[in-house]
Amino acid sequence: MKLFVTGGAGFIGSNFVHYMLDADPAVEIVNFDALTYAGNLENLAAVEKHPRYTFIKGDISQLADVKTVFEARKFDAIVNFAAESHVDRSLHFGAGEFIETNILGTQILLDAARYYKTPRYLQVSTDEVYGSLGQQGKFTEASPVQPNNPYAATKAGADFMVRAAHKSYGLDTVITRCSNNFGPRQFPEKLIPLMIANALENKPLPVYGDGRHVRDWIYVLDHCQGIDTVLRKGKPGEIYNLGGLHDVPNIDVVRLILKYLNKPESLIQYVKDRPGHDRRYAIDTSKIQGELGWKPRLVFEDALRSTVEWYLANRPWWERIRSGEYQKYYATLYAQR
Ligand code: NAD
Ligand code: DAU
């Protein structure tokens, strides 16, 4: 199976590349990534010379970049991870790049799939397109799409373009909508790696609002395995929700990280809330469990502990990231909070 994987130098994409190369000797991967601030070739150092792996630098929102690759190679499937993925950036720095990559980029890939007759297209989407839950219930695939921040709106826009390509042209598409991932190599702008890194440097841990916002945490390898399952067995035109079946308030996650690191809770600092902050996410995974037999395997506490250990063992990885442009990013976003 020849895969055109986009965004494979980022967090989930790089975990997917490693996972797929290990899981199936018949898989060949071309990883196409623009190497934005979030793309890091260090994430792929171990497979750099792998005989079934090729890296190509390119931008999914540039037709010429995509065309060059598809003119030269044939693929069995496109798996689109590439995205501007951080909600706070979409809120503070504007939605332009989010629209270009997440919507226009998706459309260019769909056109490539159609024109070059790629048999399957998988869109890596997010539970965030559903907006926020009240006190009760879980997101199902039939929940209304009600995105509340610019990032989520662009992911929803992309999902609609995927739907349209399936309905209008009969393209074989599948969409996965997963909850919050955590694990090795996550860029330290997201909650879990940011809190681990700050705690290790004895810096304040900035918890937005009252800290009672709920996220459904899934270990990244469970997500990768779910994508593999949908890629092989998902029905054309369908959407599949994935989640970790572990929905907890942010403050509980932060306290657990401090406990694992043996750091004091006095490091916690409640700060101004994120605008339009979704209160609660929780995923109903019964469709993918019932139809495709996938369910998350990892126990949250064990997976979080091993993630904390990864950040402890790979300090140079995140220290390098946090020493550059990141300083400016952090000052801009967190100074006013
Ligand atoms: P990430 O920000 O860590 O990585 C994104 C990758 O995409 C980077 O390697 C970046 O260089 C690349 N990229 C960005 N713009 C590009 C472009 N125009 N062309 C080519 N490459 C480009 O993101 P992530 O957290 O790994 O998320 C991956 C995907 O999974 C995204 O589509 C995201 O919406 C989705 N998702 C993420 C989560 C989560 O919790 N992180 C949950 C559900 C879904
Ligand atoms: O649900 C899936 C989504 O999960 C993905 O689509 C996104 O790409 C991914 O970034 C993530 O979005 P969130 O906004 O939920 O993740 P983030 O890690 O930014 O925040 C998680 C929660 O923690 C959220 O309620 C905001 C809060 N938070 C976050 C940061 C960075 C804090 O309290 N303090 C922080 O400093």
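**Reading a sheet and a domain interface**

Guide: Please note that this is a predicted model. Let us begin with a pair of strands: S7 and strand S9 (residues 214-219) run parallel to one another and are joined over three bridges. One such bridge links Asn181 to its partner Ile218 in S9.

Visitor: In what order do the strands of the open sheet lie?

Guide: The three strands follow the order S7-S9-S11, and their pairing is mixed. Strand S7 (180-182) and strand S11 (247-249) are the edges; each has a single partner strand, so one side of each lacks a neighbour in the sheet. From one strand to the next, the twist averages 50 degrees. Helix H8 (residues 250-261) packs on this sheet, where it touches S9 and S11.

Visitor: Into which domains is the protein divided?

Guide: Domain 1 covers 2-182 + 217-242, while domain 2 covers 191-214 + 246-279 + 293-325. Their contact takes 23 residues from domain 1 and 24 residues from domain 2.

Visitor: How is the size of an interface often given?

Guide: It is often expressed as the accessible area lost when the parts come together. Here, domain 1 and domain 2 bury about 2000 Å² between them, and carbon and sulfur atoms give 53% of this area. Phe182, Trp217 and Asp222 supply 35% of what domain 1 buries against domain 2, more than any other three residues.

Visitor: How many salt bridges are found across the interface of domain 1 and domain 2?

Guide: There are two salt bridges across that interface. The interface also has ten residue pairs in polar contact. On the side of domain 1 that touches domain 2, H7 gives the most, with four residues.

Conventions: Residues are numbered from 1 along each chain as its sequence is written. Chains are lettered from A and ligands numbered from 1 in the order in which they are written. This is a predicted model: local features need pLDDT of at least 70, side-chain atom pairs count only at pLDDT 80 or more; totals for chains, interfaces and linings use all residues. Side-chain values use heavy atoms; hydrogens and water are left out. Two strands pair if DSSP finds at least two bridges between them. Helices (H or I, at least four residues) and strands (E, at least two) are DSSP runs, numbered from the N terminus. Axes are lines fitted to C-alpha atoms, for helices over the stretch in contact, and angles run from 0 to 180 degrees between N-to-C directions. Contact means heavy atoms within 4.5 Å. Domain bounds come from an automatic or database domain assignment. Buried area is the accessible area (1.4 Å probe) that two parts lose on being put together, summed over both. A salt bridge is a side-chain nitrogen of Lys or Arg within 4 Å of a carboxyl oxygen of Asp or Glu. A polar contact is a pair of N or O atoms within 3.5 Å; within protein, one must be able to donate a hydrogen and the other to accept it, and residues adjacent in sequence count only if both atoms are side-chain atoms.
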